[in-house]
Amino acid sequence: MSSPTVGSAAPAVIPTLSLPEELILMLLNEETGYFHQVPGWHLNCAMAGAALAELSLQARIDTDMEHLILLDKTPTGDPVLDFALHHLTADGEPKDAQYWVERLAPYAEIIIDLALDRLTNAGMLEYHDGNFWTLTTAVRHGDYIVDGDHDTAVEFIKTRIGKSIFGAKIPSPRDVIIIGLASTCEVLRFIFEIDDDAEDRIQLLRQMDLIGQAIANAVAHNLAGPSLRHAAFTKQIPAVPLRRLIFNRHALRGNLPAYFAELQQHLGPIYHIKPPLKMFPDMYVLAGPKTNRWVHRYGRMYLRSRDYFRGIEAAYHASGLLPALDGAEHFRMRKALRSSYSRANLERQMSKVYADAKAHIAAWSEGDTFKLVEMCHHYSNAQLSPLLVSVDSQDVVDDIIAYKQRALSTHVARVLPRFLLRTPGMKRKAKSIDLVVDRIQRSHTSGQRTGCPRDHADDLLALHNSDPIFLPESNLKFALSAPVLAAMYVGDELSFILHALMTHPDLYRRVQAEADAVFGNPEPRWDLLDSDEVDVTQRFFKECLRLYPTIPGSIRTVMNSCVVEDYALPIGARVFVATTASHYLDDVFPDPYTFDIDRYLPERGEHRSPGYAPFGLGTHNCLGQRLVELQLVSSVLLLAHCFTFELKKPERKLSISPFPSLSPAKRIKVVIKERRHKLAI
């Protein structure tokens with residue numbers, strides 16, 4: 001259903017919400033972009049009970065104190081309810097409601113996902129990268145009503161329940177059930193101000209519904225819940241033997257994802273690294289698709305990001321930077337910046353970005369030799385800096401990248417002593433950051449920005465002016481220079497892609513044929529970038545992201561005790577989430593060390609799983625993922641159309657620099673073998 005347009009005569013009407021859907025909307029916390037934190041087994045029981053209660057209201061089942069009886073097994077058309085009906089139908093012997101709550105509770109994730117899909121398809125919820133959810137604009141502004149009710153879809157629920165709790169009117173059976181479900185989840189106090197009288201009222205209402213009583217009994221009799229009772233039988237986390245830690249072919253080549261994958265194959269999904277030298281901290285590694293899935297869904301509740309970033313904040317004299325934020329503050333910052341980092345922002349300005357790229361490569365000629373990584377850093381920055389902050393920073397990009405790399409190596413990776421960030425050379429490079437920040441601020445006055453497309457710097461400065469506590473001036477140094485730093489990560493990935501093209505000449509020729517279709521006309525065919533006309537390039541790009549992800553994982557601190565794959569992680573432990581280790585696991589990507597772009601054909605689709613995570617997972621995944629994908633694909637096509645590159649020393653195998661992020665070794669050089677086409681500036 002499409003959202004109504006502004007000024008429409010009447011709000012759109014959606015079907016009556018089911019109880020599972022109403023419960024999800026009750027639990028949604030728009031401040032954090034997620035749901036009120038509910039103990040796992042409590043939520044499981046509540047979602048199972050919601051499905052059963054809805055079936056009861058629709059006269060599909062009947063309940064008494066001893067039995068739950070199936071009356072009608074005809075599918076309802078609602079995936080959640082039909083999922084529950086399928087299980088009820090499969091067991092012929094009548095059981096009580098508590099039995100079925102407990103039987104369906106382990107499938108709560110499926111029930112939640114199905115309900116979320118329905119709410120999203122109905123235009124009520126919007127999904128955001130990072131596994132965040134918010135109400136759609138139409139719902140927030142009251143452009144939806146529910147089957148003739150005059151309250152908006154969400155007010156319809158919360159206002160209705162509030163009146164039932166604080167008023168004297170006897171609520172409907174549906175409202176009684178919702179109150180019981182929300183009470184079981186223990187979140188009513190976070191939604192309403194509950195005093196003693198309201199608490200008494202809630203307890204009275206809960207007794208009016210048999211399903212609600214069954215849920216309460218299921219929670220009481222399974223206090224820890226099956227998923228949590230495993231904590232009493234957790235396995236010991238294996239330590240990595242010294243020989244595997246040091247004498248590893250992948251470690252020697254700098255291929256960290258393959259290194260962590262090999263350890264996972266020998267030790268399991270979680271293992272403990274204890275470096276022999278005290279200068280390196282020990283850490284627990286999570287590797288594989290199952291731990292990826294856990295981190296994506298539950299990491300926000302158990303893992304904290306700010307600890308590992310404190311040193312970076314100190315280096316930039318800042319506090320509360322985006323990578324260090326968690327919870328509601330992190331979500332708020334992402335919302336404020338998502339427009340400038342969106343794919344749509346790049347699509348609107350493709351002509352300008354194209355012009356900047358053409359100007360940068362105009363002087364390149366046959367026989368020119370470049371350092372691969374440096375060339376790609378400069379090429380990427382020539383596009384990203386004007387796009388995101390509307391300034392030219394080519395004169396300082398090397399210094400800004402060098403300072404950030406040293407800061408990451410000393411404070412995050414901890415492979416270098418901290419005094420190396422305070423050398424005279426590094427202090428001089430740090431001044432380049434001040435230079436570009438001053439350049440951005442001077443060019444972003446109201447007068448100079450009149451008529452200009454809004455950019456990332458505009459969003460940051462507006463947020464600072466509106467809330468200088470949330471985004472203080474001390475944070476602007478890092479925040480405004482971040483788009484320049486993006487050239488490092490994007491340039492590193494572009495370096496890997498170009499290297500892969502040069503070492504796969506047959507695929508290089510196929511990519512060039514697609515590039516000519518896009519750029520072989522007076523004006524570029526941007527419409528082809530999402531079509532089958534560039535299918536080889538898209539699949540080539542995906543395979544490069546799999547084999548050569550620039551960010552191999554993320555460092556976190558355990559802030560709440562948790563059990564992952566039957567291993568208990570201690571509070572305060574330093575954790576490395578090796579999200580890309582599964583890129584090299586044979587059960588996720590068969591024959592993982594072979595460069596094979598056919599993995600991404602529809603009939604194989606090996607990347608459609610939590611095992612494929614080149615941009616990270618969970619709340620801290622790459623905010624500009626879709627922008628970067630479009631920028632890299634268009635860059636590869638443009639360079640392939642204009643040039644044929646070759647390696648200066650093709651006999652050498654690719655060596656990888658692993659810190660602070662993955663990139664080809666900086667000594668690798670390329671030569672322009674052929675200038676295929678010259679573009680008009």
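Contact means heavy atoms within 4.5 Å. The model is predicted: local features need pLDDT of at least 70, side-chain atom pairs count only at pLDDT 80 or more, and totals for chains, interfaces and linings use all residues. Residues are numbered from 1 along each chain as its sequence is written, and side-chain values use heavy atoms, without hydrogens or water.

**View A. Helix α26 meets helix α28.** Glu493, Ile497, Ala500 and Leu501 in α26 contact Phe540, Phe541, Cys544 and Leu545 in α28. Helices here are DSSP runs (H or I, at least four residues), numbered from the N terminus. The axes of α26 (residues 476-502) and α28 (residues 535-547) come within 10 Å and cross at roughly 115°. Axes are lines fitted to C-alpha atoms over the stretch in contact, with angles from 0 to 180 degrees between N-to-C directions.

**View B. Helix α1 is enclosed.** Buried means under 20% relative accessible area, and exposed over 50%, partly exposed in between (1.4 Å probe, protein chains only). In α1 (residues 19-27), 9 of the 9 residues are buried, so the rest of the structure largely encloses this helix. Among them are Leu19, Glu21, Glu22 and Leu27.

**View C. Glutamine 512 in helix α27.** This residue lies in α27 (residues 505-519). At 8% relative accessibility, glutamine 512 counts as buried. Glutamine 512 touches Ala640, Phe643, Thr644 and Arg676, leaving aside residues up to four places away in sequence.

View D. Buried residues of α23 include Met426, Ile433, Val437 and Ile440. Pro424, Lys427, Arg428, Lys431 and Arg442 are exposed on the face turned away from the buried side. The cover over the buried residues includes α21 (372-389), α22 (397-411), α25 (456-466) and α26.

Key:
Helices (H or I, at least four residues) and strands (E, at least two) are DSSP runs, numbered from the N terminus.
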